[in-house]
Amino acid sequence: MNLLWRQYRFLRASKGHPLPPGPRGSLLVGTIFDITRHDAHRIFTRYREQYGNMFMLQGLGSRVMVLNDLDTINDLFGARAASYSHRPTSVSGGVLMGFGESMILLPYGPEWRAHRRLAHVALGPAQIKEYAILQEDIAASLAQAFLETPQDFFTLVRMSAGRMIIAVTYGIRKSPFQTECIMNGERFAEFARKTFIPGNYACDMIPLLKYAPLWVPFQRELRRGKEAFFEFQTQPFEHVKQEMGKGTILPSLTLRLMKSPPLHMPDFEKYVMWVGGAMFGETTYATVLTFIMAMALNRDKQRIAQAELDTVIDEDRLPRIDDRHRLPYVNAVIKETMRWQPVLPLGLSRSTAHDDFYKGFYIPRNTIVVPNVWAIAYDTKSKYDAERFIPERFMDPAETVVDPAQWAFGFGRRACPGKHMGENSVFILIATILSVFDIAPPGDGVVKQDFTQHLIRCPKPFNCSILPRSPTKAQLVRLRAGEGVA
C-alpha cells in the first residue's frame, strides 16, 4: 500500500514526465555511490555518449543529477537560479562539523545574501588592487625559497598559497603566527573537502546517523574537524580586532569590513568572521603545482612564455599584476593549466529548492545537482587534442574553446566572490616562476603524473628540476624579496 501511495504521489508531481535517464545499479543502493568512484568525472563524461548532457543517479531515497555541458549548467544555475542556488543539506559538514553558517554552505536566502554583500565590498575588482603588492611580495618570497631549496617546491607552493589567503584576508605578516594560521586552515580544509563529496559520509544520505554514538569513527573524525574549524576561524579574526588600534596592520578584507560596518546588520562581527573563514581554499596551490608539472612535461611551451616575458618585462624587475593584460601567451598557459587538469572536476554541488521540468524531464525537489566541469574542459568538439597541453587553443580565433574563467570559479549567483583575487594570485605566482626559473624533468627523465581523487584534484608529489635562468635573475629575486612586507 505504501509503495502504491508513493507511486501515485510521484506520478502526480511529475505530471507524467520521466526522470532524466541514468545507469542501473544494485537493487539495494542503486547508483548513488557512483559519485564517490575513482575518476568519477571521467566516467560521467563518458556517460554523455549514452545518456546525453544530463543523467541521474539514484539510491537510498536520494537523487544526484549530473550536468555534462555548459549550456545546461547555465540554463539551470543561471536562468533558474531561484531553484538551483541552494546547497545540499550537509549533515557531515553543516551539522556535525559546525560550518553550516558559512557562506559556502548557507542555503540561498537573506542570510547568504548578507554574507555575499560583505564579500563583494572587500573583493570587488577595484578593492583587490589594494592587495596586489602583498601578492607580489609573496610571489617574490616564493621565488627566493625556490633558489634555496628547489627540491621542496611542493611544500613551498602550498605555504605561499596559504600566505596569500591569510595576508589578504587578515593582513597577517610573515611570522610564526601566520604559519600557525596556515596550518590550522589546512587542517580544517583536509576535513572539509571530504564533506563536499555527495555520499562520502553515510550520514549525508541517511541523516538519522547524525545521532550515532560519539565513539563511531565518522563522529570522532568530524568532531576533530569541528575543533579545527573553530580554531582556524576565530584565531586570525581576533588578531585583527586586537591589532586594529595599533595602526601597523596590513590592508585586508577583514580590516576593510571592520572599519566600515554597514547600518542595520545585527551580529555584524559574526558575519565578518564567517566571511573570512570561507576564503581559505586549496585551488591556488593545486593550480600552481599543476602548472609546474605541465612545464616539466612541455618545455617548448615554457620557452615561448619565457620569451614573451623577456620581451614585455624590463630586465630590472619581476612581473607585476598590472602586467597581466600585456602577456597573452602567459595567460593562455594559465588557462590551459586550468583546462588540462581542472582542480574542481565536479564543481560544488547544488540542490533543487522546488520540483522542476527541463527539456521534457522531471527534476524533483531536493535533487543534488553536480556540474561536471571536466566534461566542459574535455569537450570533444575541439580540433585540438584535449589530453595534450596546448595553450595555443586559447589564441586560435577559429577555435570556440570555453575560457576556464567561465567554469573554474563556480556558476550563477554562487560563483566564487574571490574570483578576481584568485586570478591575480595564480597569475603572479606563475608569471614570477616563468620569469626566473627553468623547469625540467628530473635526472631520470620521469615526471610522475598522478592526482588526488578528493574534491580537489591536485598533483601527488612528483620530482622535477627547478633552476634559475641566470645569476642576474637570481639576484633580482633576492633584492625584490628583501623589500616585501607580507
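**Note on the sheet and its helices**

1. In this predicted model, four strands make up an open sheet of mixed pairing, and their order is 1-2-6-3. The edges are strand 1 (54-59) and strand 3, each of which pairs on one side only.

2. Helix 3 (residues 70-79) packs on this sheet and touches strand 1, strand 2, strand 3 and strand 6. The direction of helix 3 makes about 125 degrees with that of strand 2.

3. Strands of a sheet pair through backbone hydrogen bonds, in either a parallel or an antiparallel manner. Strand 6 (residues 368-371) takes part in both kinds of pairing here: with strand 2 (residues 62-67) the sense is parallel, over four bridges, whereas with strand 3 (residues 350-351) the sense is antiparallel, over two bridges.

4. Individual bridge partners may be located in the model. Valine 370 of strand 6 is the bridge partner of valine 66, and valine 369 of strand 6 is that of arginine 350.

5. Which way do the side chains of strand 6 point, and are they buried or exposed? Ile368 and Val370 point one way, while Val369 and Pro371 point the other way. All of these residues are buried.

6. Helix 2 (residues 40-51) lies across strand 1 and strand 2, and runs at about 110 degrees to strand 1.

Key. Residues numbered from 1 in each chain as written. Predicted model: local features only at pLDDT ≥ 70, side-chain atom pairs only at ≥ 80, totals over all residues. Heavy atoms only, no water. Buried < 20%, exposed > 50% of the residue type's maximum accessible area, 1.4 Å probe, protein only. Pairing = 2+ DSSP bridges. Contact = heavy atoms within 4.5 Å. Axes fitted to C-alpha atoms, helices over the stretch in contact; angles between N-to-C directions.
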